[in-house]
Amino acid sequence: MGRFQVMTMTDAAAGRVREIVDARDGAQGIRVGIKKGGCAGMEYTIDLVTEADAKDDHVEHGGAHVWVAPEAALFLLGTEMDFEKTTLRTGFTFHNPNQSSACGCGESVELKPADLKALAEARAAADAA
């Protein structure tokens, strides 16, 4: 039976999540969400999870655990979370098909919600597999 996941993560992202969890007592993973803010309108949020919330969607890859806030699911449907280290920046990145634009500094994005029907169909297909 398949398991529905709102988003996916790369091996690099999973590795970084595991590093974060290993460095903090009681941590189980991270929680990804969105909030209003920044010049483009929305920002991704990342918080440490010490106790999972049953309302969150759970994503697991390579032993790394990420929970997605329910209010963010429609904005994150189909997103791939990655982790990159460059000369100028180190952090999680999000390849999000629901992103319509981003600010020049890259700290905020404009997101359109995915079709609710698409979310329901994805969940049903995973349950049927």
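The legends below describe close-up views of one predicted model. Residues are numbered from 1 along each chain as its sequence is written, and side-chain values use heavy atoms, with hydrogens and water left out. Local features need pLDDT of at least 70 and side-chain atom pairs count only at pLDDT 80 or more, while totals for chains, interfaces and linings use all residues.

**View A. Helix α1 covers residues 11-22.** Helices (H or I, at least four residues) and strands (E, at least two) are DSSP runs, numbered from the N terminus. Among the buried residues of α1 are Val 17 and Ile 20 (buried: under 20% relative accessible area; exposed: over 50%; partly exposed: in between; 1.4 Å probe, protein chains only).

**View B. Arg 16 forms a salt bridge with Glu 19.** A salt bridge is a side-chain nitrogen of Lys or Arg within 4 Å of a carboxyl oxygen of Asp or Glu. The closest N and O atoms of Arg 16 and Glu 19 are 3.1 Å apart, and both residues lie in α1, about one turn of the helix apart.

**View C. Arg 31 forms a salt bridge with Asp 56.** Their closest N and O atoms are 2.7 Å apart. This pair links distant parts of the chain, with Arg 31 in strand β2 and Asp 56 in the loop between β3 and β4. Asp 56 counts as buried because its relative accessibility is 9%, whereas Arg 31, at 24%, is partly exposed.

**View D. Ala 27 lies in the loop between α1 and β2.** Ala 27 has 14% relative accessibility and therefore counts as buried.

Note on methods. The expected span of a helix is 1.5 Å times one less than its number of residues.
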